[in-house]
Amino acid sequence: MDLPANRGRWRRRSARSNVPLLVAVLLLLLPASLLLSSAYSSLLRSLLPFSASPSPSSRGGGVQRCGRSAELDGEKFLWYAPHSGFSNQVGELRNAAVAAALLNRTLVVPPVLDHHAVVLGSCPKFRVSDPADLRTAVWDHAMQLLRERRYVSMGDIVDLSHVKALVRTIDFRVFVSLWCGVDMRKTCFSGLCCAVSGGESSPSDYGRCRSLLSGLEGSESSGCVYPVQDDCRTTVWTYQENNDGTLDSFQPDEELRRKKKISYVRKRKDLYKGLGPGSKAEDATLLAFGTLFSGPYKGSESYFDIHESPKGHRIQTVLEKTEFLPFAPEIMAAGKEFAKSTIKEPFLCAQLRLLDGQFKNHWKTTFSALKDKLKALEMEMKRNKSGGPIHMFIMTDLPPANWTKTYLADIAKDEKYELYTLKENDVLQTAEKLMAAEHGLRSGFFPKIAERSNEDCHPVQLPEILLYVEESVCSCASLGFVGTAGSTIAGSIETMRMNNVCKL
């Protein structure tokens, strides 16, 4: 075969070109060799969002380790981004527990977020924050709680012991301490937390962990994280419905498509098929969702539509157990004690949400429901020829100093009614008992640190638990309950009452 006419010319010149070519190759390899040195590799690790650490077996060609601690080897985790108020956060925790059980992953239990510190947006209007932005916002707020020493775990407030046998959990503080090697002791109240959440860390460690848990660019390529980017604009998660990939019944209408230039199509997707065995997410050590909040809307669910599992007894049990998650024993006991020792009589509970969001514009409707209930009770007392005042527990976000010229001021002055309220100072002792119990840590996985279990630390501030104790008081109201229409707090109290959590 004939060679190109100029090939001989290149061959004749190649002998003279070897030296400069070799020099050029060496110059290119020098920076790479420096990067592989210990000093430069440390610098590189501080700049990258995440790098997987080799396990002992990986040095011999085995699988790399995701995270810094060998104690997490072999485990797979599920993380999500809670948002909005406490009741919404509890709803997300329930859905997360179901998803973790279904996918056989350990649930990372988040902190309690400040009210509306993280905002989702509106699923019905197809205007929501991106999942990665939500995860980042949750991390940033968690670090704010750390700096301000106001951290409290959802597992401290909500009793997870009922699902412990069905859903594996790990406290967020323990997880990031072991996974990222960051020091979380400023989130602790007692010795056990300090013992399992410590570690030497630098500011760059927190930055890497933020990128990892948020699913930012670079974390997925490590093979350790699978960030779920499907949100309520495109997806409704289901299970065992045989409708994987079909269109959901709720779609943006033509007016919304035209005005907002929306092109989203909502599909129903099987969670197990999409994120379980055989999926791209299967091998990821950490599965990171955005929000897991969901609510009924126009005959469908906004995001998470898993309410029964006729073919799976274990998942059906999880669904039943997570339908209601009670408060921690200390909170329930405080509410019951207030009803028994302070009110002492059968009483009515009125939950009046008057200042937050849409509720500040509906005072008339809120007070009207209370008036109707009181009239009904008065008529019943007359029929039964009962004497004495109607005892009533009031929980409201309107301070007593601002009751003037409201219906609350009228009934407070009326001798037919005996009113009771609680203040934050009334529940400080309960808050201290609650934090000392460390339920959030004890209900889930923590490392083998028996020899360091009494490590001293400076405790965080006591959490504000007034709302939770008030809800527990209302669960004991034998004369009934009046809640604010549309309030998730009212819905939470109704659920507590349906489950008969208070037996005086």
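**Surface and overall make-up**

I began with the surface: the chain exposes about 25,600 Å², and carbon and sulfur atoms supply 53% of that area. I note here that the model is predicted. Next I looked up burial and found that 48% of the 504 residues in the chain are buried. For secondary structure I have 18 helices and 17 strands. I then took the contacts with a separation of 6 or more; residues 24 or more positions apart account for 77% of them.

**Confidence**

I checked the pLDDT before going further. The chain averages 85, and 84% of the residues score at least 70. Over residues 29-64 the pLDDT is below 50, yet I find 37 contacts in the model for this stretch beyond near neighbours in sequence. Residues 1-27 also stay under 50, and for them the model has zero contacts beyond four places in sequence.

**Nonpolar cores**

Which residues have the most contacts inside the largest nonpolar core? I get Leu78, Leu213, Phe289 and Phe393, in a core of 119 residues. Helix α3, residues 86-102, gives the most to this core, with 10 residues. Apart from this core lies another, of 19 residues, and I list Leu348, Phe367, Tyr407 and Ala409 among them. For background, I note that nonpolar side chains tend to be buried together in soluble globular proteins.

I followed Leu78 further. Leaving out residues up to four places away in sequence, I find that Leu78 touches several residues, including Ala96, Ala99 and Ala100. Its list also includes Leu103, Arg105, Thr106, Leu107 and Val108.

**Thr106**

I place Thr106 in strand β4, which covers residues 106-109. Is Thr106 buried or exposed? I count Thr106 as buried because its relative accessible area is 4%, under the 20% cut-off.

What does Thr106 contact beyond its neighbours within four places in sequence? I find Glu75, Lys76, Phe77 and Leu78 among its partners, and Arg168, Thr169 and Ile170 are also in contact with Thr106.

I looked at Glu75 separately. Glu75 and Thr106 are 31 residues apart along the chain, and I have their C-alpha atoms separated by 7.3 Å. Their side chains make a polar contact at 3.0 Å.

Technical notes: Residues are numbered from 1 along each chain as its sequence is written. This is a predicted model: local features need pLDDT of at least 70, side-chain atom pairs count only at pLDDT 80 or more; totals for chains, interfaces and linings use all residues. Side-chain values use heavy atoms; hydrogens and water are left out. Helices (H or I, at least four residues) and strands (E, at least two) are DSSP runs, numbered from the N terminus. Buried means under 20% relative accessible area, exposed over 50%, partly exposed in between (1.4 Å probe, protein chains only). Contact means heavy atoms within 4.5 Å. A polar contact is a pair of N or O atoms within 3.5 Å; within protein, one must be able to donate a hydrogen and the other to accept it, and residues adjacent in sequence count only if both atoms are side-chain atoms. pLDDT is the predictor's confidence in each residue, from 0 to 100. A nonpolar core is a set of buried Ala, Val, Leu, Ile, Met, Phe, Trp, Tyr and Cys residues joined through side-chain atoms within 4.5 Å. Accessible areas come from the Shrake-Rupley method with a 1.4 Å probe; for residues, only the protein chains shown count as cover.
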